[in-house]
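These are my notebook entries on a structure that I looked up. I record what I found, entry by entry.

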Amino acid sequence: MGAASSVPSSLPSADSRMAPGGPGYRRMSFALFLAGVATFALLYSTQALLPLISGDFGVAASEASWTVAAATGGLALFVLPMSALSERYGRRTVMTASLAVAVAVGLLVPLAPSLGSLVVLRAVQGAALAGLPASATAYLAEEVRPRALVTAIGLFVAGNSVGGMSGRVITGWVAQEWGWRAAVAVIGVLAVGCAIAFRLLLPAPRHFTPGSLRPGALVRTVRGHLADPLLCRLYAIGALFMTVFGGVYTVIGYRLTEAPFSLPQGVVGSIFLVYLVGTVSASTAGRLVGRLGRRGALYLAGGTTAAGLLLSLADSLALVLLGLVLITAGFFAGHAVASSAVSKTATTGRAQASALYQSAYYIGSSAGSTVGAIAFHAGGWAGTVGVGVLAVLGVVTITVFGSRAARREALVAA
């Protein structure tokens with residue numbers, strides 16, 4: 001009796017964290033869903049417009065692709081420093097500031113007078129968005145009960161897929177009528193609405209404890225994460241999945257606007273409706289892990305992605321679309337599984353662990369968009385698919401290695 005009464009009543013218990021059906025969970029889920037929508041809509045706002053940007057500035061696909069690579073590269077470089085700020089000043093504060101700056105820059109992007117200035121603005125926008133992904137997953141790891149974590153992160157990733165889809169569909173049709181500048185302006189206005197709703201809806205954190213901004217402490221935390229073999233495997237898996245996705249969706253617009261398809265820009269933008277498949281696969285990642293285990297889910301995601309890549313080689317539009325559906329489903333499932341595993345594996349410095357994952361993930365996006373465009377220029381769509389298949393083989397190899405390492409650890413423990 002005395003021991004029970006000695007526990008300070010002000011300390012939050014694990015039971016006070018949010019769970020499906022509980023207080024604040026729905027508001028939190030919708031707020032982070034909107035944040036995911038804004039992040040991907042802004043981050044990839046130029047991807048479906050690359051053929052128009054190429055025509056406007058008179059540049060090749062490999063040069064125009066830098067408007068995507070600069071944004072994802074900026075995010076990759078700044079996600080770790082921004083995660084450190086979130087450890088000190090709070091997840092919600094950093095996410096709010098990140099969205100505000102990214103939205104402001106987004107309203108300037110349509111005014112870029114040259115490709116160079118457009119690339120610079122996109123790099124700044126990506127750097128501003130860096131505070132959101134790692135802070136969001138750390139917020140969820142602290143505020144949501146462990147059993148609901150994969151589902152909660154899956155919903156955030158689903159918001160990414162909706163943002164990526166809606167951004168590309170909207171820009172495709174707007175650009176067909178009024179040009180690419182009007183299209184990215186519309187995305188900027190959409191992101192303003194998402195940012196305001198996010199700040200109004202997201203519950204204040206109850207389980208956040210401020211950390212230190214000392215560089216030495218940050219270096220020690222990062223070094224500890226990079227010394228963890230499981231975390232390093234998860235970082236590599238995220239990067240490789242995103243290499244596939246970044247390459248495919250950077251180049252697909254060029255393929256579909258050229259022979260034998262010759263589709264108009266609005267129809268090409270509508271192709272990105274297949275992102276809805278990613279919304280479903282990401283939000284169901286928790287159940288997938290429950291049935292197959294983490295490695296089984298990753299094998300399934302990798303196999304689905306590879307099948308989609310091979311199908312997309314056909315000159316039939318129906319088969320290309322089916323290939324994109326499989327690529328999208330596999331990618332978002334794999335990403336949701338890997339990112340949630342990072343949050344579960346890291347018991348300390350969660351923001352830095354998530355930031356390292358996001359950094360690897362967006363480095364993969366930058367590499368995929370650049371290398372995929374170069375491969376397309378050199379060998380057509382088959383070249384881009386070749387890059388993707390190699391990346392999927394990397395995912396499978398790493399997962400096999402992880403399975404063997406886990407078996408060895410189990411034998412030693414026995």
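**Entry 1: A residue in a loop**

I began with Ser65, which has 0% relative accessibility and therefore counts as buried. Buried means under 20% relative accessible area, exposed means over 50%, and partly exposed lies in between, with a 1.4 Å probe and protein chains only. I noted that this is a predicted model, in which local features need pLDDT of at least 70 and side-chain atom pairs count only at pLDDT 80 or more, while totals for chains, interfaces and linings use all residues. Residues are numbered from 1 along each chain as its sequence is written, and side-chain values use heavy atoms, with hydrogens and water left out.

I located Ser65 in the loop between α4 (61–64) and α5 (66–89). Helices are DSSP runs of H or I of at least four residues, strands are runs of E of at least two, and both are numbered from the N terminus. Which residues does Ser65 touch, not counting residues up to four places away in sequence? I found Leu50, Thr250, Ser369, Thr370 and Ala373. A contact means heavy atoms within 4.5 Å.

**Entry 2: The whole chain**

I counted 18 helices and zero strands in the chain. The radius of gyration is 21 Å, close to the 22 Å that the globule rule gives for 414 residues, so the chain is as compact as a globular protein of that length. This radius is taken over C-alpha atoms, and the rule is 2.2 Å times the number of residues to the power 0.38.

I noted that 56% of the 414 residues count as buried. Among contacts between residues at least 6 apart in sequence, 83% join residues at least 24 apart.

**Entry 3: Aromatic rings**

I searched the whole structure and found ten aromatic pairs. Rings of Phe, Tyr and Trp (its six-membered ring) pair if their centres lie within 6.5 Å; planes under 30 degrees apart count as stacked, over 60 as edge-to-face and the rest as tilted.

One of these pairs is Phe331 with Phe332, edge-to-face at 4.8 Å centre to centre and 70° between the planes. Both Phe331 and Phe332 are buried. The rings of Phe331 and Tyr361 have centres 6.2 Å apart and planes at 20°, so I recorded that pair as stacked. It links distant parts of the chain, as Phe331 is in helix α16 (residues 317–345) and Tyr361 in helix α17 (residues 350–379), 30 residues apart. Tyr361 is buried, as is Phe331.

Finally, I noted that ring pairs link Phe245, Tyr249, Phe331, Phe332, Tyr357, Tyr361 and Tyr362 into a cluster.
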